[in-house]
Amino acid sequence: MDPTTFQLPPAMSTGAPSYDSLYMFIFWFSVVFTVLITGLTLLFVRKYKRQKGVKPTPTDDLTKLEIVWTVVPVIAIVFMFHGSWKVYIQNVTAAEGATEIRVRAKKWSWEFEYPGGARAPGEVYLEVNKPYKLILSSEDVIHSFFVPEFRVKRDAVPGQYSFVTFTPNVTGDAQVFCTEYCGTSHSNMLAKVHVVTHEELEKFKETLGKRPAGLSPEQWGKDLFAKNGCTACHGDNGEGRTGPKLAGLFDRGTEATTAGAVTVDENYIRESILRPNAKIVAGYANVQMPPFVLQDEQLDAVIAYIKTLK
Ligand code: CUA
């Protein structure tokens, strides 16, 4: 797996080579002409500068030269337009039978929904050599879904759907970035794409949404806490950032909220995850936490983890 450009990581999709060759052509075309034109300009400035005792002779029209420097760039631009158009069409046309995955963006995490409705935050498993259509939306502000390995990038806009489509053709991990500035934790809005074989995907489906073998509920809760992006606002260890501090929450016993003093128990935490605006911690009323959809066991695990935060 060699990088096909020196600006992007090694390609992992069938559409990447045509994108890369177009990109490299336009890149080198620009480099060559920038150097050539700038170089000649500097050279002529020096060569034809005003000199004592030399009277400049006016230049005539050079019709042939003018035609050449008009027609040649037009041909080059038409060529680049044609190449770009082909790559654009390729990137907005989903292959027949493409598997549709819903991707929901919110401050500051990515959530993936598989066909059939199973949801998973922070990472998605795709089968190698199968076409995919990822349907994007946002629950709050504009985000942008960028996976350099697949050469796909598209905005996720509140109130409308957009999509990216590609066929991963190499197994391994690819990195999802958010490339639209969306607030304080924009740079932490990351996710992973795991491209795996058919067998590995089948095995993964069986464990989807279940506690991984070998993890305690608290450890699984910690994992879910990170993958759902809770760390972005509540801190890596619940120490609190733009969101309230969770460390020592159960020791405090009560918490002042917009709905009055609340006893800290499992029900309060559960409600705050599913319906964050029901009881907002005092001082955080202007921080919008999005609601999270978790299964019962996942909620239990996250609550178990929050209890361990001191
Ligand atoms: Cu989401 Cu930047």
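Which residue forms a salt bridge with Arg270? Asp296 does, with the closest N and O atoms 3.2 Å apart. Keep in mind that this is a predicted model.

**Salt bridges**

- The structure holds 14 salt bridges.
- In the Arg270–Asp296 pair, Arg270 sits in helix α7 (residues 266-274) and Asp296 in helix α8, so to speak linking distant parts of the chain, 26 residues apart.
- Both partners count as partly exposed: Arg270 has 33% relative accessibility, and Asp296 has a relative accessible area of 45%.
- Salt bridges with shared partners also join Arg104, Glu111, Glu113 and Arg119 into one network.
- Arg151 pairs up with Asp20, with 2.8 Å between the closest N and O atoms. Since Arg151 is in the loop between β6 and β7 while Asp20 is in helix α1, this pair ties together parts 131 residues apart in sequence.
- Arg151 is buried at 6% relative accessibility, and Asp20 is buried at 2%.
- Lys227 and Glu123 form a salt bridge too, at 2.8 Å from N to O. That one links helix α4 to strand β4 (residues 123-127), across 104 residues.
- Here Lys227 is partly exposed at 25% relative accessible area, whereas Glu123 is buried at 17%.

**Nonpolar cores**

- The largest nonpolar core has 36 residues, and those touching the most other members are Ile101, Trp110, Phe112, Leu134, Phe145, Phe150 and Val193.
- Strand β10 (residues 191-196) gives the most to this core, with 4 residues.
- Another core, of 22 residues, lies apart from it and includes Trp220, Val264, Ile273 and Phe292.
- Beyond its sequence neighbours within four places, Ile101 is in contact with residues including Phe112, Tyr114, Val124 and Leu134.

**Helix α4**

- Trp220, Gly221, Leu224 and Phe225 are the buried residues named for α4 (residues 217-227). Viewed down the helix axis, the buried residues fall within an arc of 145°, so they line one face.
- Their cover includes α5 (230-234) and α8 (296-308).
- Just after the helix, Gly229 takes a positive phi of about 80°.

**Around Pro148**

- Pro148 is in the loop between β6 (143-147) and β7 (152-156), and counts as buried at 7% relative accessibility.
- Setting aside residues up to four places away in sequence, Pro148 touches Leu8, Pro9, Gln175 and Phe177.

**Surface patch**

- Val32, Phe33, Leu36, Ile37, Leu40, Leu43, Phe44 and Tyr48 make a nonpolar surface patch of about 790 Å².
- Phe44, one of these, belongs to helix α1 (residues 16-47) and is partly exposed at 40% relative accessibility.

Definitions and conventions:
Residues numbered from 1 in each chain as written. Predicted model: local features only at pLDDT ≥ 70, side-chain atom pairs only at ≥ 80, totals over all residues. Heavy atoms only, no water. Buried < 20%, exposed > 50% of the residue type's maximum accessible area, 1.4 Å probe, protein only. Helix = DSSP H or I, 4+ residues; strand = E, 2+ residues; numbered from the N terminus. Arc of directions from axis to C-beta. Contact = heavy atoms within 4.5 Å. Patch = residues over 30% accessible without salt bridge, like charges linked within 9 Å, V, L, I, M, F, W, Y side chains within 5 Å. Areas by Shrake-Rupley, 256 points an atom, 1.4 Å probe, with all protein chains shown as cover. Salt bridge = Lys/Arg side-chain N within 4 Å of Asp/Glu carboxyl O. Core = buried A, V, L, I, M, F, W, Y, C linked by side-chain atoms within 4.5 Å.
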